[in-house]
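Here are some comments for a colleague who is opening this structure for the first time. Please keep the model in view while reading the numbered points.

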Amino acid sequence: MEIINTNKLAAGLQMAALTDRPDMVQVDEFRQKIDAGFFKEAEVPSDGRPHWVDQLVSVEFKRHETDMDPFDDRDDRTVDAQAAERKKVREQIITYAEQIFRLQHRTALYMLLVIGRNFRFVRWDRSGAIVTRAVNYVDNPEVLCDLLWRMGMQSDEQLGIDPSATRLYPGDEDYKLMDQCAAEVATDLTTDERIVTREELTADPPVFKYVRLSFRQALQADWPRYRLEVPSGDRMRSFLVGKPTFHASGMAGRGTRGYVALDVERKKFVWLKDAWRVHYELVDQEGSVLSELNKKEVRFVPSLICHGDIRKQTTVTPEVWEEQNPPKSAERPSVSSSSASRKPSLSSSAKLAEPQTSSTSRKRSRSELESEATLGDREDCPLRRHMHYRIVVEEVAMPLSEFQCGRQLIQVVLDCLIAHWDATTKAQILHRDVSGGNVLILPRLVYDAKTGKTWLKWKGLLADWEMSKPIDNKDEVWLPRQPPRTGTWQFLSVGMLAQKPKAPGIPDELESFLYVILYHAVRYLNSNCENPGAYLEAFFDAYTEVTKEVYTCGLAKLITVETRGRLEVQVGSPDLLKFDSPLDTLFEQLLPWFKAHYKVRNYRDRQTKAMESADAPRSPEVDDNSFSSPPSSPSPKRDGVLPDVELDEDALSELAPETEPQLLDDVPTARDELYASYVATHQFMVGVLARLHKSKSWQTSDKVGDRVPPEYKPRYLIAYPDAPASRTLKRRMLEATSKFESCHSSFPTPVFYSMPAQ
């Protein structure tokens, strides 16, 4: 280190030791300590802390043992090392890279890895890592010196700093503006549902307390502030951000960060999402989808302000992989064993973590589901290509966990169900990621023309349309590395969690809405469930391992929906899960519909396979036309006007058991056909929710707070035992990230518990 600094081997940069103390917990909850780092000469720290915010190039030292090298050069096609110690070191440096990407705005990160007498250089981006072969710097000092010299000659942008994000410092005008706008304002509105007086509407536009509070909480002393540019037509607009309200875990993937941002142009709070979107044809930008939804007047969806790709910034790791792995038809370069003294060459790492092989269950994060749909320019490329992207919308919503009672939960989900109905009928767009994190609460001011009064109402907002696709897109081609399973594992339908899922349809999305209600009901409402934590894990997190890398639906969800069609306290128990509210009617009515749906669908699949078999006879018992889905009904035309759906009870009465043909158990009956038709379109589920919402049986005190206690220990791992992710991803589901008690006055709102992503 002294030689590098004294001789200015990295001109303009200096290397500093960083092992004395970790950064503050507000910046790094894991309290990690990397060995060293390169900094600009004017920013070199002297306190021995990592200073993740300012690191330009990270440095990690390991002893000169083979098992301390996270990569292995013995095979030109595989640089990931498989030994336990190697994996542990690799996981360690992944968390270092993830930490820097979380704090800084970067396109890439360079890391110098020194293992005894050898060194490697690693380049990280959102697709993976590019790794040089190990080089003995004692035998080949000129290689290391040349690398350091080149590193010092690079600009900040060449070293991976995002030029579209400008760092703000105390004294900057934008920095002062953020402090000014974050200060409490007496006229900010609380979120209680009520009639709003004229005196409360003095601000133009009105600002809710929870919005300003969220922005103020983002301005932590040790967290950097930035001015971000976002394309808006033929110009750029600027938005000011602090700490993200949400950030996705993991290094590879979209790396989504969500901010309550300040629009510099209008001095207004907005929601900004920064992500590395999947970059291939046939996938629209989320902003383009929202623009179409807004144009078609789809209700209860975000209002687009601006969006666009950022300076054509893309990940380059897939390109290197393709260069190093020519197509099989091409002549392969000769392969020789590695030597620590050979000149470096590049390899790309397709795996940033090894697959969990537990035979029971674990949570699969959204980033893991993304990895199943990997696609580069070549179909055999295991790395996804990503493009940097930002989108800004008007609405700053609250998480669904902030609902105050069961009736309000139904209202919010009902609004989002109508948004989904609107999107499929008005814009022919399917959301494809209905989950607890995308069904949000948005307080709205609603003017009643009859009374001349303004009401504050809690409404729903169906967000995150980046995975959406047009319905029946004839131009769409499913590619080998682009399977239809997309979404959030916990809320995917039984059909989407099958071993060979079909493209998602309306029944799958309706099933996901039902799971959103069930999850929040079990977790926050009073019920006879004695261990909500264990129930939620078994139903939502579990999976069945078919092979080492193939996972399907967990047994609890599968048996509940496809086999039994009823909600039990525990699978196999004679006791039903009860909430002593209209929710009991909801589950008792809807679950048999989905059970019938799968019975009909499975039978049709068997019939199709039989048709494809040589001379396979068709069953005369059931007319295949009877399984055709009815056309999607138009959604309600005006806000507040919902269909008064009446189920065909006359038809049901004609289907008494004694009048039905005696068919095999796996052959759908006429009742099954009728029930299955109820989930083929939105109108019946919307009608049920609307009717139950009007019920007078609701209790205003049925929300009892989070029933998963902070000390609850998950039974199943969702990451590696020794990695920080395994200690915290589940914990993030349980711990508080914000507190909104001061924003509601009529109900002591529990802590804001975030749903793990995405």
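Which residues have the most contacts inside the largest nonpolar core?

1. Please bear in mind throughout that this is a predicted model. In it, the residues with the most contacts inside the largest nonpolar core are Leu293, Leu583 and Leu689, and that core has 111 residues. Its largest share, 12 residues, is contributed by helix H10, which covers residues 506-524.

2. A second core of 27 residues is separate, and Phe71, Ile93, Ala97 and Trp124 are among its members. As a general remark, nonpolar side chains tend to be buried together in soluble globular proteins.

3. Helix H3, running over residues 141-153, has 13 residues, and its first and last C-alpha atoms are 19 Å apart, close to the 18 Å expected at 1.5 Å a residue. The buried residues of H3 are Val143, Leu144, Leu147, Leu148, Met151 and Gly152. Seen down the helix axis, these buried residues of H3 fall within an arc of 165°, and they therefore line one face of the helix.

4. Turning to charged side chains, the count of salt bridges comes to 45. One of them joins Arg167 and Asp54, with an N to O distance of 3.2 Å. Because Arg167 lies in strand E10 (residues 165-168) while Asp54 lies in the loop between strand E2 (36-40) and strand E3 (57-62), the pair ties together parts that are 113 residues apart in sequence. Arg167 is partly exposed, its relative accessible area being 23%.

5. Arg102 and Glu98 also form a salt bridge, in which the closest N and O atoms are 2.9 Å apart. Both residues lie in helix H2 (residues 84-103), where they are 4 residues apart, or about one turn of the helix, and both Arg102 and Glu98 are buried.

6. Another salt bridge brings together the side chains of Glu286 and Lys273, at 2.6 Å from N to O. Glu286 and Lys273 are both buried.

7. Finally, please look at the network of salt bridges that links Arg235, Arg237, Asp263, Glu265, Arg266, Lys268 and Glu394.

Note on methods. Residues numbered from 1 in each chain as written. Predicted model: local features only at pLDDT ≥ 70, side-chain atom pairs only at ≥ 80, totals over all residues. Heavy atoms only, no water. Helix = DSSP H or I, 4+ residues; strand = E, 2+ residues; numbered from the N terminus. Expected span 1.5 Å × (residues − 1). Buried < 20%, exposed > 50% of the residue type's maximum accessible area, 1.4 Å probe, protein only. Arc of directions from axis to C-beta. Core = buried A, V, L, I, M, F, W, Y, C linked by side-chain atoms within 4.5 Å. Salt bridge = Lys/Arg side-chain N within 4 Å of Asp/Glu carboxyl O.
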